Amino acid sequence: MYKRKKNQPYYTNRHSCFLLQYHLVLVTKDRKPILFGPIKDLVYQTIQTICDEKGLVILEMDGEADYVHLLLEADPFTCVGELVNVIKTKTSRFARKQYGDTLLKPYYEKPLFWSNSYLVTSVSENSLTNIKTYLQNQ
């Protein structure tokens, strides 16, 4: 596991020091407004669980009915593309299994949940506060 050095903004392990922060945006298929109520709760909880299992720190998570913003800290071994794939696969599978015949039925004829694309940017010390404020004020 990784830990922060006392009075330092970065994490350490036996061989490295790092601070890798990413801003991810995931958009629903065709921008359908499906992230509401219990579906939103399930998706957000699943994302939190995935990040906890991988030892990632979510600094902020918010969004609207058709997208999710994540601001997170990762280790140097996390491949962001693979992380996005895991998040999209698990959240889609769980949501369709639990709500596919009820809440999601009016929105999708096919079993699609997320758009194929996503946005990822790295975050610097200078932009971290701005991004946090932006996400909190959505």
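**A salt bridge and its surroundings**

Reply: Happy to. In this predicted model, the side chains of Arg31 and Asp66 form a salt bridge, with 3.0 Å from N to O. Arg31 sits in the loop between S4 and H1, while Asp66 sits in the loop between strand S5 (57-64) and S6, so the pair ties together parts that are 35 residues apart in sequence.

The two partners differ in how much surface they show. Arg31 is partly exposed, at a relative accessible area of 45%. Asp66, by contrast, has a relative accessible area of 16% and counts as buried, because the cut-off for buried is under 20%.

What does Asp66 touch, leaving aside residues up to four places away in sequence? Its contacts are Leu26, Val27, Thr28, Arg31, Lys32, Pro33 and Leu35.

The largest nonpolar core has 27 residues, and Leu35, Val43, Ile47, Leu70 and Phe113 are the members that touch the most others. Strand S4 (20-28), helix H1 (37-54), strand S6 (67-74) and helix H2 (80-99) each give at least two residues to this core. H1 provides the largest share, with seven residues. As a rule, nonpolar side chains in soluble globular proteins tend to be buried together.

Setting aside residues up to four places away in sequence, Ile47 touches Ile58, Met61, Val68, Leu70, Ile87 and Thr91. There is also a second, separate core of five residues, including Leu71, Val123, Leu128 and Ile131.

Back to charged pairs: how many salt bridges does a search of the whole structure find? It finds two. Besides the pair we began with, the side chains of Lys90 and Glu53 meet at 3.8 Å, N to O. Lys90 belongs to helix H2 and Glu53 to helix H1, so this pair ties together parts that are 37 residues apart in sequence. Lys90 is partly exposed, with a relative accessible area of 31%, and Glu53 counts as exposed at 58%.

So, side by side: Arg31 and Asp66 join two loops, whereas Lys90 and Glu53 join two helices.

Notes
Residues numbered from 1 in each chain as written. Predicted model: local features only at pLDDT ≥ 70, side-chain atom pairs only at ≥ 80, totals over all residues. Heavy atoms only, no water. Core = buried A, V, L, I, M, F, W, Y, C linked by side-chain atoms within 4.5 Å. Buried < 20%, exposed > 50% of the residue type's maximum accessible area, 1.4 Å probe, protein only. Helix = DSSP H or I, 4+ residues; strand = E, 2+ residues; numbered from the N terminus. Contact = heavy atoms within 4.5 Å. Salt bridge = Lys/Arg side-chain N within 4 Å of Asp/Glu carboxyl O.
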